[in-house]
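Subject: A structure for you to explore

Hi there,

Here is the structure I promised to pass on. Have a look at it first, and then read my notes below.

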Amino acid sequence: MSWLISYEAPATPPPALDWERLPFGRVFSQHIALAYFQNGKWDEARIQPFQDFRLHPAIHGLHYGQALFEGMKAYQRPDGTRFVFRFKDHARRLNLSATRLSMPPVPLDLFEALLRELLLKETHLFPPTLRQAIYIRPFYFATDPYVGVRVSESYLFAIFLSPVGPYYTQPVAAYVETEYSRAAPGGTGHIKMAGNYAAALISNPKAQAAQCQVTLWLDACEKRWVEEFSTMNVFFVWKDGRITTPALTRGTILAGITRDTILALLRAAGHPTEERDISIHEVIEGITSGHLTEVFGTGTAATIIPIIALHYQGKRYELPSTHPIAEKARTAYYELLSGNLNLNPDWIWKI
Ligand SMILES: *Cc1c(COP(=O)(O)O)cnc(C)c1O
């Protein structure tokens, strides 16, 4: 099916960008792409100036939480090639989230058409080097103006862009949360539902008080199995060369696309990798004995970030100050983005 996308131009020309000093997530595109689901179908897709929404105060998305998002990046290579990294995997995951929240799937061709049009209207946002990117934020929420818990019949799907530099500019220590839970089996930890992040925020002041920048979550039932950070997956590197990341089998971990990419890159480079349950006790024992040599986080926003220390039950455990595997993984990731390395041609969705 081909979609009719109407267009309204912004009144002012785009402002100049200071690429070397871009904060993360505070500069926005001049356009926003919108598609409305109503009367049982997708109709009215448009690209219009980026501006405030007018919303009915009773919309379901705000009251009952049918609200989700995605996060992906577009890049420009030195040869001028412009692409979105693993667009189709992000689109698939958006619809996995939608299905879990009883929301209608967003047709792939509608998503593709809206995103392509939006990026073509905002070509000045494509950064000069691969160190910067266009962060793409699709989001999707219920708009029925009705008080009462039931599946909404109307929805708004939207996409805006944000030119970004690095997410973390300083080393990161992780607070291991032993009181609260992020996700439980059968719940929503495996999707990018807006409410997951709200429920995780309560850990932030505890992390800050312990001089940590991120929270590392354990399983909800035993507070024993390591799951992930609030917005990143976690990897462990052992002295014998094995690289471990928690298995996705409980359904409580977000299946990160960066996680999957890094696993593929490490395997292609001959590193033995494993996806399995890993207890916090094994991790702490590994740090104190020296068998665990690196911990790093992966995610679209931060890409790959070494963890310098873990704070667990009132004690800080420092990790070695060199991160050779994280560095190697990051280098390979950038080789993939630059086109010098090609693992899967479907991963590069060209504009
Ligand atoms: C988005 C996210 C990640 C990282 O996923 P990517 O696809 O690599 O960006 C990891 N954990 C959580 C909870 C997330 O929301």
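Let me begin with a definition: a disulfide is counted when two cysteine sulfur atoms lie within 2.5 Å of each other. In general terms, a disulfide is a covalent bond between the sulfur atoms of two cysteines. The structure holds zero disulfides. As for individual cysteines, Cys 212 is buried because its relative accessibility is 4%, whereas Cys 221 is exposed, at 62%. Here buried means under 20% relative accessible area, exposed means over 50%, and partly exposed is in between (1.4 Å probe, protein chains only).

A word on where this comes from: the model is predicted, so local features need pLDDT of at least 70 and side-chain atom pairs count only at pLDDT 80 or more, while totals for chains, interfaces and linings use all residues. Residues are numbered from 1 along each chain as its sequence is written, and side-chain values use heavy atoms, with hydrogens and water left out.

Now to the charged side chains. How many salt bridges does a search of the whole structure find? There are 22, where a salt bridge is a side-chain nitrogen of Lys or Arg within 4 Å of a carboxyl oxygen of Asp or Glu.

One of them joins Arg 86 and Asp 260, at 2.9 Å from N to O. This pair links distant parts of the chain, 174 residues apart: Arg 86 is in the loop between strand S6 (82-85) and helix H2 (87-100), and Asp 260 is in helix H6 (residues 257-268). Helices (H or I, at least four residues) and strands (E, at least two) are DSSP runs, numbered from the N terminus. Arg 86 is buried, at 5% relative accessibility, while Asp 260 is partly exposed, at 34%.

Arg 242 and Glu 274 form another salt bridge, with 3.0 Å between N and O. Here Arg 242 sits in the loop between strand S12 (233-238) and S13, and Glu 274 in strand S14 (residues 273-276), 32 residues apart. Arg 242 is partly exposed because its relative accessibility is 27%. Both residues belong to a network of salt bridges that also takes in Asp 240, Arg 276 and Glu 282.

Arg 259 is buried, at 4% relative accessibility, and Glu 275 is partly exposed, at 38%.

Is Thr 245 buried or exposed? Thr 245, in strand S13 (residues 243-246), counts as buried because its relative accessibility is 1%. A polar atom of its side chain lies 2.6 Å from the backbone oxygen of Val 234. Apart from neighbours within four places in sequence, the contacts of Thr 245 (heavy atoms within 4.5 Å) include Arg 259, Glu 274, Glu 275 and Arg 276.

Finally, look at the loop between strand S7 (133-142) and strand S8 (155-164), where you will find Val 147. Val 149 is in the loop between S7 and S8 as well. Val 147 is exposed, at 66% relative accessibility, and so is Val 149, at 72%.

Happy exploring!

Conventions
A polar contact is a pair of N or O atoms within 3.5 Å; within protein, one must be able to donate a hydrogen and the other to accept it, and residues adjacent in sequence count only if both atoms are side-chain atoms.
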